[in-house]
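Here's a quick tour for anyone meeting this structure for the first time. Have a look at it, then read on.

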Amino acid sequence: MKDLFQCFLAKIILVALASSFVSCYDPSHLQDYCVATNETKGGNLSISFVNGRFCKDPKLVTSNDFFASGLNIPGNTSNRLGSFVNPANIPGYNTLGVAIARIDFAPGGQIPPHIHPRASEILQVIKGKLLVGFVSSNEYNYTLYSKILYPGDVFVFPIGLVQFHANIGKTNAIAIGAVGSQNPGYISVGDAVFGSRPSIDPKILAKAFALDINIVRYLGTVFSPQDDIVE
């Protein structure tokens, strides 16, 4: 009896661990699709409520719910970073665990060091010349993995690691980025550290980054919310 109980307990622990791992990622959908809708009442809703969004009644779903256009349109890169991210807005990818965006770069433009806490990313260059890379965790000695990409080249970025993309060519550049989550999250290292609201104590940052405290205060004015770029 004791051995049976221990076996049963071990199975319960394994199930609990497996459930905790699964919950770290986009939820597994229990239907073919859950087309997101902003409606909260009326006859167009399904009874389902998945991933924080109401599902459109499957009988009313059309091909347009899985379609988006506009990734051929250049974005406005006239900002401090010289880049623009245009995500495809597709109601039908709700719960499917994917997302895609067009990224435009002016010459010298970049997506600065940042983290996607909930997804890995794959990037394909369509036009131009990009320098991209990511840095491993301390477990792997903060190793930089970097590559210069040309049209047709592809690079993948592991989940949760600091990454960057920069246009090192003399012309505009275009890339398509896809992520393994409909909401990968975006944490700009500079904005999070020097532009948090409320601010982190400048004395802490000065010591952490071996900077003069006046430089830290200046960086606090540079990294302001309106400069954020969401990827």
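## A pocket to start with

A pocket, here, is an open set of grid points where a 1.4 Å probe fits, with protein on both sides within 12 Å along at least five of seven lines. This is a predicted model, and its second largest pocket holds about 160 Å³ of space.

Which residues line the second largest pocket? They are Ala36, Thr37, Asn38, Arg53, Asn89, Ile90, Pro91, Tyr93, Asn94 and Gln182. Sorted by class, that lining has four nonpolar, five polar and one charged residues.

## The nonpolar cores

The largest nonpolar core counts 17 residues, and Phe105, Leu123, Leu130 and Val132 have the most contacts inside it. Strands E5 (99-105), E7 (121-127), E8 (130-135), E10 (154-157) and E12 (173-179) are the elements that give it two or more residues. There's also a second, separate core of eight residues, with Val193, Val216, Val222 and Phe223 among them.

Leucine 130 touches, among others, Phe105, Leu123, Val125, Ile148 and Ala175, leaving aside residues up to four places away in sequence.

## Charged pairs

You'll find four salt bridges in the structure. In one of them, aspartate 104 pairs with arginine 102, the closest N and O atoms being 2.8 Å apart, and both residues are buried.

Aspartate 65 and lysine 56 form another, with closest N and O atoms 3.1 Å apart. Aspartate 65 is buried because its relative accessible area is 9%, under the 20% cut-off, while lysine 56, at 21%, counts as partly exposed. Lysine 59 bridges to aspartate 57 at 3.4 Å between the closest N and O atoms; lysine 59 is exposed at 71%, whereas aspartate 57 is buried at 11%.

Conventions
Residues numbered from 1 in each chain as written. Predicted model: local features only at pLDDT ≥ 70, side-chain atom pairs only at ≥ 80, totals over all residues. Heavy atoms only, no water. Core = buried A, V, L, I, M, F, W, Y, C linked by side-chain atoms within 4.5 Å. Buried < 20%, exposed > 50% of the residue type's maximum accessible area, 1.4 Å probe, protein only. Helix = DSSP H or I, 4+ residues; strand = E, 2+ residues; numbered from the N terminus. Contact = heavy atoms within 4.5 Å. 1 Å grid on protein atoms, 1.4 Å probe; cavity = no way out; pocket = protein on both sides within 12 Å on 5 of 7 lines; lining within 4 Å. Points joined across faces, edges and corners; volume = space filled by probe spheres on them. Nonpolar A, V, L, I, M, F, W, Y, C, P; charged D, E, K, R; others polar. Salt bridge = Lys/Arg side-chain N within 4 Å of Asp/Glu carboxyl O.
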